[in-house]
Amino acid sequence: MRTRVGIVGAGPAGLLLSLLLAEHGIDSVIVETRSRAAIEETIRAGVLEHGTVETLRQYGVGDRALAEGARHDGIELRFGGQGHRIDFANLVGRSVWLYPQHDVLKDLIAARLAAGADIRFECGDVALRDVTSDRPVIAFTEADGTAVELECDVVAGCDGSAGISRHTIPDAARTDYFRTYPFGWFGVLVEAPPSAPELIYAHSERGFALVSTRTPTVQRLYFQCDPDEDAAAWSDDRIWAELQARVAGDGFSLAEGPIFQRGVIPMRSYVCEPMRYGRLFLAGDAAHTVPPTGAKGLNLAVADVLVLARALDSYYATGSTALLDSYSDVASRRVWRAQHFSWWMTSMLHTDPAGSAFDVRRQLGELESVTGSTAGSTYLAEAYTGWPVEF
Ligand code: RFL
Ligand code: PHB
């Protein structure tokens, strides 16, 4: 089999890339290990930057996000038992959208299949070969056991943080930048009305908590926990008591209800550089991971793909490899800004288990500076709602 761009992974990065390439008349094939149902059911991100929603709208897959998602014009930072609003709309004239990642994926998959895109779900033994030649190959086994060799001009590694693409780059040709945090997030989905009109990022002496939302009847809540915590060992009462304790003050409390999904998420920062090796280009979580405190992961994947699609379009239109050659440098500049923002939000709001009383007081000083100054709040608002994509 042959295609121009072979895409590994049908996550937000891979699906959006195939859509953008199709707009430019460039054919692609997506090779994915999971089933369509599994992809459409996995609960992950909730916050879409202004520019991400604009991109979805521009390419015809934003209708449902705009109709069923909710625009949020700010967030609350909660500390010392009091809420402090960061007013995005007033500070930077931009907003974010609450629309779940699995709905973005449903919209992208439906649009791509309706347009006749070639997406191979449930593939096995996916391997990349000859990526430094001008005929790289994606080898895989189809769901029915057929072995396939897909010959491409270019391979896009969009297979997320547990994928194989980046491991195809020899150790000597890449640098891994890595940080693991000494805590994780205990995430729950609950059947309850929203407790607040906007997201709440709460600092407390018991650790961080995040109050997010999915629909008028389903809420998404997280609290900082030990990375090895056993989610199944917690009773619903204990979860609610912990969450309530972390957001208490000011007469505020959470609306409670049945907990129907739970899990513990590790917190890491990771970057692989360069994001390119020969004719293999990495995009999204395959090249970088951020801790979720800044709500940046999916949005960064979208930004990578915008840069990569433009570079591929230029290559096919003119034969010039200039934009492909600068892809890694251009994309990683935004990645490092987002790494800093995500690390900063994480360290400002979480309790370091090895930290001291000094660290807690320093965090409170920092939160006062951010919420008490237009300059401080404006940086947070700019970064959270998303910087313009630079090409
Ligand atoms: P994905 O989504 O992981 O998709 C990769 C796809 O590749 C497939 N795959 C393979 N396919 C073929 N061969 C192989 N060998 C393969 N190995 C894997 C996988 O099955 C999968 O379908 O990567 P992508 O496209 O780069 O997208 C990245 C985002 O999914 C991720 O950054 C976000 O979910 C991060 N994130 C958030 N990002 C935001 O922008 N805003 C948020 O509010 C936000 N909240 C979150 C988050 C991530 C979370 N978790 C669970 C890590 C909240 C959470 C809890
Ligand atoms: C979510 O709703 O899942 C969510 C919201 C904000 C974050 C991370 C996750 O920073």
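Which element gives the most to the shell around ligand 1? Select α8 and you have it: α8 gives four residues. Helices here are DSSP runs of H or I with at least four residues, strands are runs of E with at least two, and both are numbered from the N terminus.

Before the next click, a word on what you're looking at: this is a predicted model, where local features need pLDDT of at least 70, side-chain atom pairs count only at pLDDT 80 or more, and totals for chains, interfaces and linings use all residues. Residues are numbered from 1 along each chain as its sequence is written, chains are lettered from A and ligands numbered from 1 in the order in which they are written, and side-chain values use heavy atoms, with hydrogens and water left out.

**Stop one: ligand 1**

Show everything around ligand 1 and you get 31 residues, with Ala13, Glu32, Gln101, Asp285 and Leu298 coming nearest (near means a heavy atom within 4 Å). By class, that shell holds 15 nonpolar, 10 polar and six charged residues. Ala, Val, Leu, Ile, Met, Phe, Trp, Tyr, Cys and Pro count as nonpolar, Asp, Glu, Lys and Arg as charged, and the others, Gly among them, as polar.

Now pick out the polar contacts (pairs of N or O atoms within 3.5 Å; within protein, one must be able to donate a hydrogen and the other to accept it, and residues adjacent in sequence count only if both atoms are side-chain atoms). Arginine 44 brings a polar side-chain atom to 3.0 Å from an oxygen of ligand 1. Glycine 46 uses a polar backbone atom, 3.2 Å from a ligand 1 oxygen. At leucine 298, a backbone N or O atom sits 2.8 Å from an oxygen of ligand 1. On its own, ligand 1 has 1000 Å² of accessible area, and the protein covers 87% of that (Shrake-Rupley method, 1.4 Å probe). Colour α1 (12–23) and α8 (297–318) too: these are the elements that give two or more residues to the shell.

**Stop two: histidine 288**

Select histidine 288, in strand β20 (residues 288–289). Is histidine 288 buried or exposed? It's buried, with a relative accessible area of 2% (buried means under 20%, exposed over 50%, partly exposed in between; 1.4 Å probe, protein chains only).
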